[in-house]
Amino acid sequence: MQEIPGDLKFMKSHEWARVEDKGTVTCGISDHAQGLLGDLVYVELPSVGDTVKAGNACAVVESVKAASDVYAPVSGEIVAVNEALPDKPETINEDAYGDGWLFVIKPDNLAEDQEELLDPDAYAELIESEDH
Amino acid sequence: MTQKTILNDTHRALGAKMVDFGGWDMPISYGSQIEEHHAVRRDAGMFDVSHMTVVDLHGARCREFLRHLLANSVDKLKASGKALYSCMLNEQGGVIDDLIVYFLAEDFFRVVVNASTRDKDLAWIEKQAAAFDVKVSERPDFAMIAVQGPHARDKVLGLLTPEARAKVAKIGKFVAAEGDGLFIARTGYTGEDGFEIIVPEKDAVSLWNRLMDAGVAPCGLGARDTLRLEAGMNLYGQDMDESVSPWEANLGWTVALDEGRAFIGRGVLETQKAAADHRVMVGLVMDDKGVLRHGQRVATPQGDGEILSGSFSPTLGKSIAFARVPAGAAGILHADIRGKLVPVRVVKYPFVRDGKPCEGV
């Protein structure tokens, strides 16, 4: 299991969010989530310019086993998507917190939305409790 | 309560991801499901299938009983050790289960049925057996390991004593032989050559470890599912059940309408066959990105159908599926994936044979 980087925030549904210096939010699914899904074979990304709402589904990742919705951690506008993923979805398995990022959001209400997210310790505790 | 096979601790020690499978705690994969799939297509892999149910039938009227019980004809079994795949039907022609029956002696046949249908299968077999004085004995004292792949047979043969090896090396496809205390059948559920080995529980862990030492890769039920789908093999519960007849599950090749044999469900099957308007099961390939899944709607000019088994094919690098559609649906159909209609091609299956994509797929 990959170590959880300290600058990430998490949703209970296993998405991660990283606030970048310029104020945008990069999002992906956690290393724990990719482990549960197994080998990823398909990614459906939102389009740049889409408006997304925190807690709503805005992408889909599919492994051999199952399809899973990906929820937006914060509300805002999609300003970038990881174009390399549709051809190499296994990147999420290999590097969930790095090259496996899914999309970038320009947030509307960052301060407010962020309060709903878990810090790395709280997320680690959550997945620990799910395992038992 | 969740049941465990004798190999449960072995799977966990190997770091397997475990899931509930029909009440059994089973490994879905030990790492990458796709790599396990390729190991079987290219070399050799093994599966713990000890959750499957072995049932021994004893009695002078065994063959007569099986003529009545099964839609395929046990009269095809003439030499000891020979195996037959068959459906077991209810009175309405619906599939109670699919199974393999081995002919060992006129008064001794062995049947292997699915794990998820164990209770209803045993109840049905016992109920039908009473009239034939056939004794039905489940064999929970056995474990089962399937070793599959182009190099599977050689790796198994290398572990046998010279006497057993000489015997087992000779058996043809769909034949079983006994040696070294093992019941070794040249059968499988992957589309590759190999063996399914019925082994006394007390010897199962050591056999598993010896196979590992011989270079056989442990593989989980995830890989088993994509392998059998590529090979065009049905999964009970997903591709057929008691509401579906063999004609509707593309299992007509396993139904023997031989003269004068009154097997259970025969009347309904004959009526359906004559009417020829029943739904049919077809193979689908999707060239677009995405994955076909069980339960998705399939739109055809003849009306709606549905995806049965659907998954990603590691050998083809795209999604494949079985679908049940109205008679006459062919060519390009459309699968409803999250509200989007995606084109899918109807193809003849198996999708993959001997490690290679089949023509037209």
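Into which domains is chain B divided? Select residues 1-275 for domain 1 and 279-357 for domain 2 of chain B; these bounds come from an automatic or database domain assignment.

Before you go on, a word about what is on screen. This is a predicted model, in which local features need pLDDT of at least 70 and side-chain atom pairs count only at pLDDT 80 or more, while totals for chains, interfaces and linings use all residues. Residues are numbered from 1 along each chain as its sequence is written, and chains are lettered from A and ligands numbered from 1 in the order in which they are written.

Chain B averages 97, and 100% of its residues score at least 70.

Now show where the two domains of chain B meet. Their C-alpha centres are 26 Å apart, and 19 residues of domain 1 and 20 residues of domain 2 make the contact (C-beta atoms, placed from the backbone, within 7 Å). On the domain 1 side, pick out helix 2 (33-42) of chain B, which gives the most, with five residues.

Next, move to chain A and select strands 4 (40-44), 6 (57-63) and 7 (67-71); strands are DSSP runs of E, at least two residues long, numbered from the N terminus. Together they form an open antiparallel sheet in the order 4-6-7. Strands 4 and 7 of chain A stand at the edges with a single partner strand each, so one side of each has no neighbour in the sheet.

Finally, zoom in on strands 6 and 7 of chain A, which pair over five bridges (pairing takes at least two DSSP bridges). Here A:V60 has A:D69 as its bridge partner.

Key: Helix = DSSP H or I, 4+ residues; strand = E, 2+ residues; numbered from the N terminus. pLDDT = per-residue confidence, 0-100.
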